[in-house]
Amino acid sequence: MKKILLSLMAVSALNFASSAQTKSLFDGKTTAGWHTYLKTDTKAWKVVDGALQLDPKAEDQGDLVTNDEYENYELTLEWNITKEGNSGIIFGVHEDPKFEATYQTGIEMQVLDNKDASDNKKANHLAGSLYDMKAPSADVAKPAGEWNKVKLRKKDGHLTFWLNGTKIVDVQMGSEEWKTLLANSKFKSWADFAAYPKGHIALQDHGHVVSFRKISIKQL
């Protein structure tokens, strides 16, 4: 009986440790834990129907970034983009006044209305892509107005993207494949791009109404 109890306690402890690693980054009611890049406010981002939503007509536009920085993790969330919309999930962001935008240092998983957005001409610009570097292996994005589920894993520089349950990007930073992808991208001469292993996570303001919800992170 003692052995059984000890085994049950060990399993319970493991389950607790696993669940304790998962943290909600959005409470569904406020913008607590977030701020606009290089600012302290979140004026352009509101909570609407339990989601963080960008108002592109509001004052003080800018990408919304986590207050905290992360290095190895699994990020899960859902996004919903309006017709013709463009946005992104940018990570590894180094917040410093010398960088005017999050994408100067951060890596992007694209958020896009694949059908009608103007930036739908290149495969590596479609929803779920490692933006301007690697196209998603399959187009599994849902139409504008519908919710898309993301899992983004970053572990020791290994990037894996899932969209709506399908693994669509898998690449190791610093590998020969990565070097080739980088050399063929707009970032090839950006010295600070993807240079920070630990950084903020950003939700991009690209001038279109976009919503994010159920945002959680599990540190690895």
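Of the 220 residues in this protein chain, 44% count as buried, where buried means under 20% relative accessible area, exposed means over 50%, and partly exposed is anything in between, using a 1.4 Å probe and protein chains only. Before we go on, a word on the model: it is predicted, so local features need pLDDT of at least 70 and side-chain atom pairs count only at pLDDT 80 or more, while totals for chains, interfaces and linings use all residues. Residues are numbered from 1 along each chain as its sequence is written, and side-chain values use heavy atoms, with hydrogens and water left out.

Let's start with the overall build. The protein chain has 2 helices and 13 strands; helices (H or I, at least four residues) and strands (E, at least two) are DSSP runs, numbered from the N terminus. Its radius of gyration is 18 Å, close to the 17 Å that the globule rule gives for 220 residues, so the chain is as compact as a globular protein of that length. That radius is taken over C-alpha atoms, and the rule is 2.2 Å times the number of residues to the power 0.38. Along its principal axes, the C-alpha trace spans about 65 × 45 × 35 Å.

Now look at how the strands line up. An open sheet is made of 5 strands in the order β2-β5-β12-β7-β8, with antiparallel pairing; two strands pair if DSSP finds at least two bridges between them. At the edges sit β2 (34–36) and β8 (107–112), each pairing on one side only. Pick out β2 and you'll find 3 bridges joining it to β5 (residues 64–66), antiparallel.

Follow the chain past β2 and you reach threonine 42, in the loop between β2 and β3. Leaving aside neighbours within four places in sequence, threonine 42 is in contact (heavy atoms within 4.5 Å) with Thr31, Trp34, His35, Thr36 and Leu64.

Next comes a hairpin. Strands β3 (residues 45–48) and β4 (residues 51–54) run antiparallel and are joined by 4 bridges, and tryptophan 45 has leucine 54 as its bridge partner in β4. The hairpin leaves 2 residues between its strands, and aspartate 49 in the turn has a positive phi of about 50°. Aspartate 49 counts as exposed, because its relative accessibility is 77%. At 54% relative accessibility, aspartate 156 counts as exposed.

Finally, head for the inside. In soluble globular proteins, nonpolar side chains tend to be buried together. Here the largest nonpolar core has 45 residues, and those with the most contacts inside it are Trp79, Ile89, Phe212 and Ile215. (A nonpolar core is a set of buried Ala, Val, Leu, Ile, Met, Phe, Trp, Tyr and Cys residues joined through side-chain atoms within 4.5 Å.) Strand β6 (residues 73–81) gives the largest share of this core, 5 residues. Apart from it lies another core, of 6 residues, among them Tyr37, Val65, Val93 and Phe99.
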